[in-house]
Amino acid sequence: MSYAFSSRSLEKLNSCHGDLILLMTEALADPECPSDMSVLEGHRGEDRQNQMVEEGKSQLPWPRSRHNSFPSMAVDVAPYVGGISWDWEHYHPMAEHIKAVWQRLQMDGKTSGQHELEWGGDWSSFQDGPHWQLNEV
């Protein structure tokens, strides 16, 4: 089965770097995608970023988050399984799929080649399942 982002998700995704837009669009459209997905956050302005810190959902105050640049160098994407899921059992298959799509896009020369992909779920402290970011190579 292949999925497509809602208009709300696309609006948020379109505030991100082109490599993230391509990656998430390709990952979701791939028939091997393990679940539907929803874009929670793309670019964050100062007020939103500081709100996320106050709520304990981010550790980086404005303007230190990858979400704070425009285009955003980070995107938060959640599995949509009868609603947005916060269960890690849904994040791990989605993450493996997204990483595989990233590798394929890089091998096919479809990304800018200037970034590596990092998943917040791989962090040892403050694991962040929805968070994906681009880091300069």
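A95 touches W119 and W132, leaving out residues up to four places away in sequence; a contact here is a pair of heavy atoms within 4.5 Å. The model is predicted: local features need pLDDT of at least 70, side-chain atom pairs count only at pLDDT 80 or more, and totals for chains, interfaces and linings use all residues. Residues are numbered from 1 along each chain as its sequence is written, and side-chain values use heavy atoms, with hydrogens and water left out.

A95 lies in helix α4. Helices (H or I, at least four residues) and strands (E, at least two) are DSSP runs, numbered from the N terminus. A95 counts as buried because its relative accessibility is 0%; buried means under 20% relative accessible area, exposed over 50%, and partly exposed in between (1.4 Å probe, protein chains only). Between A95 and G120 there are 9.8 Å from C-alpha to C-alpha, at a sequence distance of 25 residues.

The largest nonpolar core has 26 residues, and L23, M24, M37, V75, I98, L117 and W132 touch the most other members. Such a core is a set of buried Ala, Val, Leu, Ile, Met, Phe, Trp, Tyr and Cys residues joined through side-chain atoms within 4.5 Å. Two or more residues each come from α2 (18-29), β1 (36-41), β2 (74-80), α4 (88-107), β3 (115-119) and β4 (131-136). The most come from α4, with seven residues. Beyond its neighbours within four places in sequence, M24 is in contact with F5, L13, M37, V75, V77, I98 and W132.

I84 counts as partly exposed because its relative accessibility is 35%. Y80, I84 and W86 make a nonpolar surface patch of about 340 Å². Patches consist of residues with over 30% relative accessible area and no salt bridge, nonpolar side chains (Val, Leu, Ile, Met, Phe, Trp, Tyr) being joined within 5 Å and like charges within 9 Å. A salt bridge is a side-chain nitrogen of Lys or Arg within 4 Å of a carboxyl oxygen of Asp or Glu. Accessible areas come from the Shrake-Rupley method with a 1.4 Å probe; for residues, only the protein chains shown count as cover.

The protein chain has four helices and four strands, in the order α-α-β-α-β-α-β-β from the N terminus. Values for the chain follow.

| Property | Value |
|---|---|
| Box of C-alpha atoms along the principal axes | roughly 40 × 35 × 30 Å |
| Buried residues | 43% of the 137 residues |
| Accessible surface | about 7,300 Å², 49% of it from carbon and sulfur atoms |
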